[in-house]
Amino acid sequence: MSSSAVRSLETLLHHRKLGCTLPGLTAPPRVMATGLEAFDRAIGGGWRQGALSEIVGPRSAGRTHLMLATLAKATQQGQVVALVDALDRFDPNSAAEAGVDLDRVLWVRGIPVLAEQARPAVIDQAVKQAVRACDLILRAGGFAVVALDLRNIPVRRLQALPSITWLRLAQVTETQETVGLLMGDAPIGRS
């Protein structure tokens, strides 16, 4: 194969974000700082752009603090972020106190229910609507961070979703310079 053909193929693979399929062509991942220096150091500089990352753990583990720090860092840099809030639990006052510029936040509010008391059909509808909203926002582009908050939703309700759900969100995120965040009580992205 001629050298010009090889260069053309390499350019095409990089354009399609498939450069990692050839040895020696991988570029370092682009990252966005979380605003928490110790966390950034631990994960290699920050969240990977063009990838879904999960923030999981039990209640009071710091998930919300980490998400708010990330949103604050991005909005303080003049970027626009989105939060899809499946159960309408986001507290704008706490976010503003954490440094989030609320004028730069698209907040998609879900169904305000207590997951522990709601019928499974209501929870399933809230989750489906939230995932769909997240997908549409990612496809629209232009957001530095898109967070999907699925905290306090029974894990079995999330595991009932087809695994293609998370693959689809990951594929859409790959085409953007966006940090995709999934927040939940347990791993849900099946990565």
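This is a predicted model: local features need pLDDT of at least 70, side-chain atom pairs count only at pLDDT 80 or more; totals for chains, interfaces and linings use all residues.
View 1. Leaving aside residues up to four places away in sequence, Ala95 touches Leu68, Phe90, Val100 and Leu102. Ala95 belongs to helix H4, which covers residues 92–97. Its relative accessibility is 0%, so Ala95 counts as buried, the cut-off being under 20%. His65 lies 30 residues from Ala95 along the chain, and the C-alpha atoms of the two are separated by 9.2 Å.

**View 2. Helix H5 from end to end, residues 120–140.** With 21 residues at 1.5 Å a residue, H5 should span 30 Å; the C-alpha atoms at its ends are 30 Å apart, which agrees. Gly141 follows H5 and has a positive phi, near 80°.

**View 3. The buried residues of H5 and their cover.** Buried in H5 are Val122, Ile123, Ala126, Val127, Ala130, Val131, Ala133, Cys134, Asp135, Ile137 and Leu138. An α-helix has 3.6 residues a turn, so residues three or four places apart point the same way. The elements covering the buried residues of H5 include strands E4 (81–85), E5 (105–109) and E6 (145–149), together with helices H6 (155–159) and H7 (164–174).

**View 4. The crossing of H5 and H7.** The two axes come within 9 Å and cross at roughly 20°. H5 and H7 are therefore roughly parallel to each other, a description that applies to angles under 35 degrees. Their crossing is left-handed. H5 contributes Val131, Cys134, Asp135, Leu138 and Arg139 to the contact, and H7 contributes Thr165, Trp166, Arg168, Leu169, Val172 and Thr173. By class, the residues of this contact are six nonpolar, two polar and three charged.

Terms used:
Residues are numbered from 1 along each chain as its sequence is written. Side-chain values use heavy atoms; hydrogens and water are left out. Helices (H or I, at least four residues) and strands (E, at least two) are DSSP runs, numbered from the N terminus. The expected span of a helix is 1.5 Å times one less than its number of residues. Buried means under 20% relative accessible area, exposed over 50%, partly exposed in between (1.4 Å probe, protein chains only). Contact means heavy atoms within 4.5 Å. Axes are lines fitted to C-alpha atoms, for helices over the stretch in contact, and angles run from 0 to 180 degrees between N-to-C directions. Angles under 35 degrees count as roughly parallel, over 145 as roughly antiparallel, 65 to 115 as roughly perpendicular and the rest as oblique. A crossing is left-handed if the near helix is turned anticlockwise from the far one by less than a right angle, and right-handed if clockwise. Ala, Val, Leu, Ile, Met, Phe, Trp, Tyr, Cys and Pro count as nonpolar, Asp, Glu, Lys and Arg as charged, and the others, Gly among them, as polar.
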